[in-house]
Amino acid sequence: MEVNHCFNKFQAGFWKQRSTTDHIVRLADDAHKAINNKHYTLAVMLDLQKAFDLVWHRGLLYKMEQLGLRGNILQFTTDFLANRSIQVRIGTALSNSYQLQNGTPQGSVISPFLFIIMINDDNATNGVQLSNCTTSCTTSLPA
């Protein structure tokens, strides 16, 4: 993804020599500059609720193909997401099992990366590009 310039330019996580701390340092620097120039700094932070739970499997695999991710990585991801089900137990009662069409496993090392692919849309043709929702603002995608 990095070598082929597939990451959004505002993305910090998963790049060499970048981290989510970069955005915090940049925000602090912007705030200090604003204070010194008697201006204001406003930060708006979005928490995408249930972000990993809502990753659409087929859409993710399509995006991976569009990014040129094929072969073993695409097959691994297909297998990783396939045949996942959920079932709830309360005491001795067990619900029916339901096949999941969305979501990546919580706690998995690859889940944040798959989520980044899903929202990493520098060249979106449909819908809103997350990185271009504002004008005259600094945008960050930390993880």
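## A walk around helix H2

Let's start inside: the cover over the buried residues of H2 includes helix H3 (72-81) and H4, where helices are DSSP runs (H or I) of at least four residues, numbered from the N terminus. Those buried residues, each under 20% relative accessible area with a 1.4 Å probe and protein chains only, are His57, Gly59, Leu60, Leu61, Lys63 and Met64. Keep in mind that this is a predicted model, in which local features need pLDDT of at least 70, side-chain atom pairs count only at pLDDT 80 or more, and totals for chains, interfaces and linings use all residues. Residues are numbered from 1 along each chain as its sequence is written, and side-chain values use heavy atoms, leaving out hydrogens and water.

How do H2 and H4 meet? The axes of H2 (residues 57-66) and H4 (residues 111-119), lines fitted to C-alpha atoms over the stretch in contact with angles from 0 to 180 degrees between N-to-C directions, come within 9 Å and cross at roughly 75°. The two helices are therefore roughly perpendicular to each other, a label for angles of 65 to 115 degrees. Gly59, Leu60, Lys63 and Met64 of H2 make the contact with Leu114, Ile117 and Met118 of H4, contact being heavy atoms within 4.5 Å. Just after H2, glycine 68 takes a positive phi of about 85°.

Now look at the segment before helix H1 (21-36), where you will find threonine 20. Threonine 20 has 37% relative accessibility and counts as partly exposed, the class between buried and exposed (over 50%). Its C-alpha atom is separated by 9.1 Å from that of serine 140, 120 residues apart along the chain.

Methods. Parallel < 35°, antiparallel > 145°, perpendicular 65-115°, else oblique.
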